[in-house]
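Please read the points below with the model open.

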Amino acid sequence: MTAERRDLLWEIGMEEVPARFIPAAVKQLAAAAGEALREAGLAHEGLRVYATPRRLTLLVNGLSGTTADKETEQRGPSRKAAYDENGAPTRALLGFCKSQGLDPQDLIEREVNGNLYLFACKRSPGQPALQVLPDLLRGIAEGLSFPKPMRWGYQTRRFVRPVRWMVALFGQEVVDLEFAGIHADRFSRGHRLLGSDHIELAEPAEYLPKLRENYVICDQDERRALCWQQILAEADRLGGHVEEDEELLTEVTYLLEYPTALSGHFEEKYLAMPQELVITPMREHQRYFPVYAADGSLLPRFITVRNGNSRFLATVAEGNEKVLRARLADAEFFYHEDLADRMEDKVEELSQVVFHEKLGTMRQKVARMVKLAEEIGHRLGYTAEEMAQVQRAAYLAKADLGSRVVYEFPELQGIIGEYYAKAAGEDPVVAQAIREHYLPRFAGDALPETKAGVAVALADKLDSICGFFAIGMVPSGSQDPYALRRAAAGCVQIIDAHALRLPLRELLPVAFALVEADVSSAAKQNLLAAEERLELAVRFLQQRLANLLAEKGVEYDIVNAVEQICILQAEFYGAA
């Protein structure tokens, strides 16, 4: 039996996979393959997972030709139970030996907890890798999980997308593998339009270069670097620059197999709109990179990356311009239509928008936010002018939810509300607070800066937490459909960043009382008891505080001490 090391290539070819599914699939496959090879006793010199929209590929370098020899050890009866007073084997010993296929003299003695036991030790020779790999690879594929797996044809097997071909080579030999009705062979496929659909591979080492010849750059890191390099070069050619956008660049990387950057333009009249309203259709809908001038202003240009070569770029650019022009025209129409409406009218229209079937409408939530923000302002010692700003900002905070722009571009809620408030002549502080009350939107995001923004942001988040806790919808495990953990973390970060003297144990009952008044009659009888929901909410916020302290590098013992003191039950001055 030879232990010659060879490379292993395993490619699963599929119909196009959504870009957002691929990064997690790469991590899953790498982790599962490493663990499976370790458990099988197959040593290797390194593995790498490659991914494009049409393939997941595992390449293992220097994989052992056989699994490692296995030594198994089975404990049998104790020495006392194994032999009678005459030293003859007992039935217990003979039965154990028979089950192990050994004679009594083949067993060894070993002390366990002060007692002698007999052990059967066996050594199993390694198996050829070609015999082990089919089940091993199939098990890995079956263990991969995806957000929205599919079935196709007459298959009962679910996978991220229909499997259309599969390559499995161990050295120059094809692995006898079948998965999802597809039998592995040595034929891969290139770019859907530019490459061959019948690429023969003699060995794994040919995979990357032959795919490249067929317009597929399999290495996602190389593809990503090439995308960014081309984007920067195109921006420089246009006399502008592109801001780093890791999320967008990652998505673009997994949308294509062979990147070629190109640029297009749009009419300057659209620059009169808020910058975010121009960028959002480009970035969120079309996956374009906006181009900025040296002073940070937006240029009437965009950069995109096509999945193909440099042929007919002018035609491709023209098509992209046509699509963007239609989206910007819609955005302009919605924006001017919204400017003609009064924000107060939009607030009242929220009576027709359900926040949650058990917690009333968005208009009722706005009313609760106003009262809770006032309470927060009073407790923080705001002046009369600051209180007026808090009240107005809380009242108008959700007005843009009824706008045409937010209906079309939900990402702009709060952001476009600030523009509408400024256009309506509202206090600049009120307008800024409307934008700020959604902050922080994600980990590492900016926090509210104005006092009005702080009060309204806390009121919005605490209202949501208390509302769902009151009706028993407490996050558990990975289930958090209303992003209450993020809301609680936001509260703690805001309180910490501004070192607020805000006794949350006293404030939470106010929020719960406001919610209870709006709870539907059908849900009132199932509300959690006041003390129970209060303790649940306090502990929930305490856990977010512990997380914040840990992120700041505070030692575990100190974090634990803070939890034991229950700092949120009194006054929280900040975690620094």
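1. Helix α12, residues 384–396, has 13 residues and spans 19 Å from its first C-alpha to its last, close to the expected 18 Å (1.5 Å times one less than the number of residues). Helices here are DSSP runs of H or I of at least four residues and strands are E runs of at least two, numbered from the N terminus. The model is predicted, with pLDDT of at least 70 required for local features and 80 or more for side-chain atom pairs, while totals for chains, interfaces and linings use all residues. Residues are numbered from 1 along each chain as its sequence is written, and side-chain values use heavy atoms, leaving out hydrogens and water.

2. The buried residues of α12 are E386, M387, Q389, V390, A393, A394, Y395 and L396; buried means under 20% relative accessible area, exposed over 50%, and partly exposed in between, with a 1.4 Å probe and protein chains only. Their cover includes α10 (343–349), α11 (362–379), α15 (428–436) and α16.

3. Leaving aside residues up to four places away in sequence, L458 touches I376, C491, I494, I495, L500 and L502 (contact means heavy atoms within 4.5 Å).

4. R544, in helix α20 (residues 530–551), is buried yet has no salt bridge (a side-chain nitrogen of Lys or Arg within 4 Å of a carboxyl oxygen of Asp or Glu). The nearest side chain of opposite charge is D480, 7.5 Å away; Lys and Arg count as positive, Asp and Glu as negative, and His and the chain ends are not counted.

5. D518 lies in helix α18 (residues 504–518). Beyond four places in sequence, D518 touches K358, L359, G360, Q364 and R368.

6. Most residues other than glycine have a negative phi, and most peptide bonds are trans. L439 and P440 are joined by a cis peptide bond, with omega about -10°; P440 sits in the loop between α15 and α16. A180, between β9 (178–179) and β10 (182–183), has a positive phi of about 55° and is buried at 7% relative accessible area. Y215 has a positive phi of about 65° and is partly exposed at 27%.
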